[in-house]
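User: I'm new to this structure and would like to learn how to read it. Could you walk me through its spaces and its interfaces?

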Amino acid sequence: MQLTNRAKQVSNKEMTLAEKMYLPAFFSGLGITISHLFKKKVTIQYPEVKKYLGPVYRGHHVLKRDEQGRERCTACGLCAVACPAEAISMVAAERKKGEENLYREEKYAAVYEINMLRCIFCGLCEEACPKQAVYLRHDRMVPVFMERDEVVYGKERLVEKMDDRYVRANNSEVKATPTEPSLTRAAT
Amino acid sequence: MDLVILSAKGIIILVLFVITLLIAAYSTWGERKAAAFLQDRLGPNRAGVWGLMQPLADAGKMFFKEDFIPAQASKWLFILGPCLAMLTALMSSAVIPFGDSIRFMWDKVSYEVPLQGTELNIGVLYIFGVVSLGVYGVMVGGWASNNKFSLLGAIRAASQNISYEIALGLSIIAILMMTGSLSLRSIVNEQASFFEWNVFTQPLGFIIFLTCAFAECNRTPFDLPECETELVGGYHTEYSSMKLGFYLFAEYINMFVSSAFISTLYFGGFHYPFMNEVGSALEKSMGAITGHNIATAIQFILFFGKIFFFIFFFMWVRWTVPRFRYDQLMNLGWKSLIPLSILNIVITGAGLLFNFKYASWLIAIVMIVLAITTTVKAPKREMLTQQS
Amino acid sequence: MTEFLNFFKTLTPTGYLFLVLTALTLFSAIGVVTARNPIYSVLALIATFFCLSGHYILLNAQFLAAVNIIVYAGAIMVLFLFTIMFLNLRREDEESKTNLTKMASVVVGGLLMVMLITIFRAKNAQVTTVSSNTSFNPNTGLVEHLGGLLYSDYILPFELVSVLFLVAMVGAVMLGKREAGDRHF
């Protein structure tokens, strides 16, 4: 079986004197390494320069609001079931009168927590969500944490801020499969 | 009067000592930078501009790590090991001439002090002796750790250093025969004109010496005493904190000293083309004292330029060539380098008899011609791309 | 006591150096025989060689000092250390300390001491009369002088020694040579 066409047949013939002397090969090796001294460096200076990771990158979670700023999540728990790392937990509550502008459905998540140490960023929660409520942002990573009590992200850090809304780039590479016809990913 | 010369000497020695330590410290930075640049990376650049504070950060880290001594280790020898390594490394730069001399006036008497730790008439032997002691630090440390990997590393270091010391000494002998002196200063002064640099008169000896210097410094491709893939850390497996720091530091000091030694023996030391013309012009225009001192400073700087090139060469080779296998190392040392250096001595002696300085080239030319003819005659190696 | 102090007062710096070096030499030489651990013993022997080199330098024999360090401290003692590291000698290993060996070593050591004492006593009278500052040539130990002597007055012993080395090397090669039916390790 051949995987690549770069395979080389190595011969085990006796070496010639030049090869035994080692020096020609040694100097050609030195030439190769010194040529790399002047090549462009591939390093990206990470915190200052960030590389665009592509439209399908799965980064920081976000709990979406709809166009009127109401939370979409209805605390059905499907994301928690889908989660292979069991990182998601939630407590459901019933929407009271006068809270219609806060929550879209009659039931909402009073507590919604993701343990970022457990999360493996597989994106299954995003796929499982019937309300298009949870997304993994493609443009932002979960920041490094220094303390253990910073690890569990509650609603205050997950729910989308109105002045910092997440719009996923609608390009041909991403095949959106809308479950609600009126609320395609592009529409948000 | 003696006191003035003594204190001037003391100042020179102190300055050289500080420079040695500084260069060793910045070699660690340079090593990482060189490695990074040869591998298309950037290397340390967070601590200070271009990462120039990196050696300080490393030293701080080393100092604050736990200084651990294994329970079954023999405590005093465990401490003695790195001390010996450091001591022998620092001792060897004492006889290297870093420049001509410094002139100064003190109390209306003019003095002239050579820019050298001490002028010994056995300078080469002194360095050779100190280098041969360098292996004790490694051996004592490796044995005292009471660890099999450390012991194996120590034993490898011992046999490697002893084997390569022979070829090292024999390759120097050719130079000693040409110079007729063991003093490093007279070896340097012998190479006053550019085409009499020993690298041009002794190309073969130079290559042998360079190879042995790599082996004596335990640098890649001869870093078997500390090869990670086989021996964890070799002789310094059990070491931590500043004791480990001493071992690593000693390696870089050795590198600096051997670079200085290579430049002194083969690259004219502090000499550069048209040095005498520049020196006399400076003395004419600026006076015997200032002009002379500036000329010495130029020599000093150029000498360090040569040293830095060789330090870089050490690093360059390290990031190019993989490690030798142990039997290859021994074969190279005993079966190639020693016979070649003996042949070199014989040829050089014959050349001296007929007043022909470049006799060493004969071997080099014969070897090159042989290599080329055998390569041309040999059937091409089959390195064909496999096509299915 | 005052005599002792006066003796110290008359000493030059070199004299003090000599005394310190001698004390160190004796100390490390005693260490060689008293150390329980063979490694310590070897290290003490290396220290002794160092002190001896120091003595050579005091006698203005720099070449001898350097060669002593290179050959003995730098090469031979490394091989000693090398072998001892392989031997894995244990401290409780008392095999070699039977009464017979103790007796033998006492006899041999005693004989050596008696011999040395007689030699020194015989020589002592001569040394004081012969040696004086005028006859001592400070260049005796330097390389040029030594080389001249070796290649003129002492050429025969010098060449004989080199033949001896050659014989030793040939012997080592013969011992180390693999014969046809040998196992390959």
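Analyst: Let's start inside chain B. Helix 10 of chain B gives the most to the lining of the largest cavity, with 8 residues. Keep in mind that this is a predicted model.

User: How should I read a cavity, and how much space lies in the largest cavity?

Analyst: Think of a cavity as a space where a probe fits but cannot get out. Here the largest cavity holds about 420 Å³ of space. The search of the whole structure turns up 5 cavities of 30 Å³ or more.

User: Which residues lie nearest the centre of the largest cavity?

Analyst: Look for Val131(B), Gly134(B), Glu216(B), Cys217(B) and Asn254(B), out of 28 lining residues. As for the helices around the space, helix 3 (75–91), helix 4, helix 5, helix 8 (203–216) and helix 10 (241–266) of chain B each bring at least two residues to the lining. Sort the lining by class and you get 18 nonpolar, 7 polar and 3 charged residues.

User: And what about a pocket? How much space lies in the largest pocket?

Analyst: A pocket, unlike a cavity, is an open set of points. In this model the largest pocket has about 2600 Å³ of space. Its lining counts 45 residues, and those nearest the centre are Ile166(B), Leu170(B), Ile173(B), Val71(C) and Phe165(C).

User: Which helices supply the lining of the largest pocket?

Analyst: From chain B, find helix 4 (123–144), helix 5 (148–179) and helix 13 (326–353); from chain C, find helix 4 (62–87), helix 6 (143–151) and helix 7 (155–176). Each of these supplies at least two residues. Helix 5 of chain B gives the most to this lining, with 10 residues.

User: Now the interfaces. Which chains have the most contacts between them?

Analyst: Chains A and B do, among the 2 pairs of chains that touch. Chains A and C don't touch, and their nearest C-alpha atoms are 22 Å apart.

User: How do I size up an interface such as the one between chain A and chain B?

Analyst: Start with who touches whom, then ask about area. On chain A, 31 residues are in contact with 30 residues of chain B. The buried area between chain A and chain B is about 2800 Å², with 60% of that from carbon and sulfur atoms.

User: How many salt bridges does the rule find across that interface?

Analyst: The rule finds 1 salt bridge between chain A and chain B. The partners are the side chains of Glu48(A) and Arg46(B), at 3.0 Å from N to O. On the chain A side, helix 1 (17–21) and helix 2 (23–37) each supply at least two residues. Helix 2 of chain A gives the most, with 8 residues. By class, that side has 13 nonpolar, 10 polar and 8 charged residues.

Methods:
Residues numbered from 1 in each chain as written. Chains lettered and ligands numbered in written order. Predicted model: local features only at pLDDT ≥ 70, side-chain atom pairs only at ≥ 80, totals over all residues. Heavy atoms only, no water. Contact = heavy atoms within 4.5 Å. Buried area = accessible area lost by both parts, 1.4 Å probe. Salt bridge = Lys/Arg side-chain N within 4 Å of Asp/Glu carboxyl O. Helix = DSSP H or I, 4+ residues; strand = E, 2+ residues; numbered from the N terminus. Nonpolar A, V, L, I, M, F, W, Y, C, P; charged D, E, K, R; others polar. 1 Å grid on protein atoms, 1.4 Å probe; cavity = no way out; pocket = protein on both sides within 12 Å on 5 of 7 lines; lining within 4 Å. Points joined across faces, edges and corners; volume = space filled by probe spheres on them.
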